[in-house]
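Please examine the sequence and the structure shown below.

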Amino acid sequence: MSLAEKLDALRDASATRIPEDKRAIMGRATADLRESGILDGVPKVGDRLPDFSLKNAQGLEIHSSDLLSQGAVVLTVFRGVW
């Protein structure tokens, strides 16, 4: 399954998991962010980021260079709860 297909499946699943009123709030917030021009300053698909490290869900520090040595890396940022 491709990344695009996986992302589509996640979106479809959220339609049944997230109540309609919450999805409407999320949709408005997303539209507001897009209209603000904020996307002009964010990395685009294929951009190279500087080396970085972050803690994973278990609290272990993970280095981007270690991940890149194994292949391509997809970085996803979640805003948290709505």
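## A first question

How exposed is Asp21 in terms of relative accessibility? Asp21 counts as partly exposed because its relative accessibility is 46%; buried means under 20% relative accessible area, exposed over 50%, and partly exposed in between, with a 1.4 Å probe and protein chains only.

## Basis and confidence of the model

The model is predicted, so that local features need pLDDT of at least 70 and side-chain atom pairs count only at pLDDT 80 or more, while totals for chains, interfaces and linings use all residues. Residues are numbered from 1 along each chain as its sequence is written, and side-chain values use heavy atoms, with hydrogens and water left out.

The mean pLDDT of the chain is 88, and 95% of its residues reach 70 or more; pLDDT is the predictor's confidence in each residue, from 0 to 100. Among the elements of the chain, the lowest mean pLDDT, 87, belongs to α1, and the highest, 95, to strand β2 (residues 61-63). Helices (H or I, at least four residues) and strands (E, at least two) are DSSP runs, numbered from the N terminus.

## Salt bridges

Side chains of opposite charge can pair when their charged atoms come close. A salt bridge is a side-chain nitrogen of Lys or Arg within 4 Å of a carboxyl oxygen of Asp or Glu, and by this rule the count comes to 3 salt bridges.

In helix α1, Asp8 and Arg11 lie 3 residues apart, about one turn of the helix. Their salt bridge has its closest N and O atoms 2.8 Å apart. Asp8 is partly exposed, at 41% relative accessibility. Glu20 and Arg23 are likewise separated by about one helical turn, because they are 3 residues apart in helix α2; the closest N and O atoms of their salt bridge are 2.7 Å apart. Glu20 is exposed at 52%, whereas Arg23 is partly exposed at 29%. Asp21 forms a salt bridge with Lys22, with the closest N and O atoms 3.9 Å apart, and Lys22 is partly exposed at 34%.

## Surface patch and pocket

Leu3, Leu7, Leu10 and Val74 make a nonpolar surface patch of about 380 Å². Patches are made of residues with over 30% relative accessible area and no salt bridge, like charges being joined within 9 Å and nonpolar side chains (Val, Leu, Ile, Met, Phe, Trp, Tyr) within 5 Å. Accessible areas come from the Shrake-Rupley method with a 1.4 Å probe, and for residues only the protein chains shown count as cover. Leu10 belongs to helix α1 (residues 3-17) and is exposed, with a relative accessible area of 57%.

The largest pocket has a volume of about 2300 Å³. Of the 39 residues lining this pocket, the closest to its centre are Leu7, Leu75, Thr76, Val77 and Phe78. A pocket is an open set of points on a 1 Å grid over the protein atoms alone, where a 1.4 Å probe fits, with protein on both sides within 12 Å along at least five of seven lines; lining residues have an atom within 4 Å of a point. Grid points are joined across faces, edges and corners, and a volume is the space filled by probe spheres set on the points. Helix α1 gives the largest share of the lining, 7 residues.
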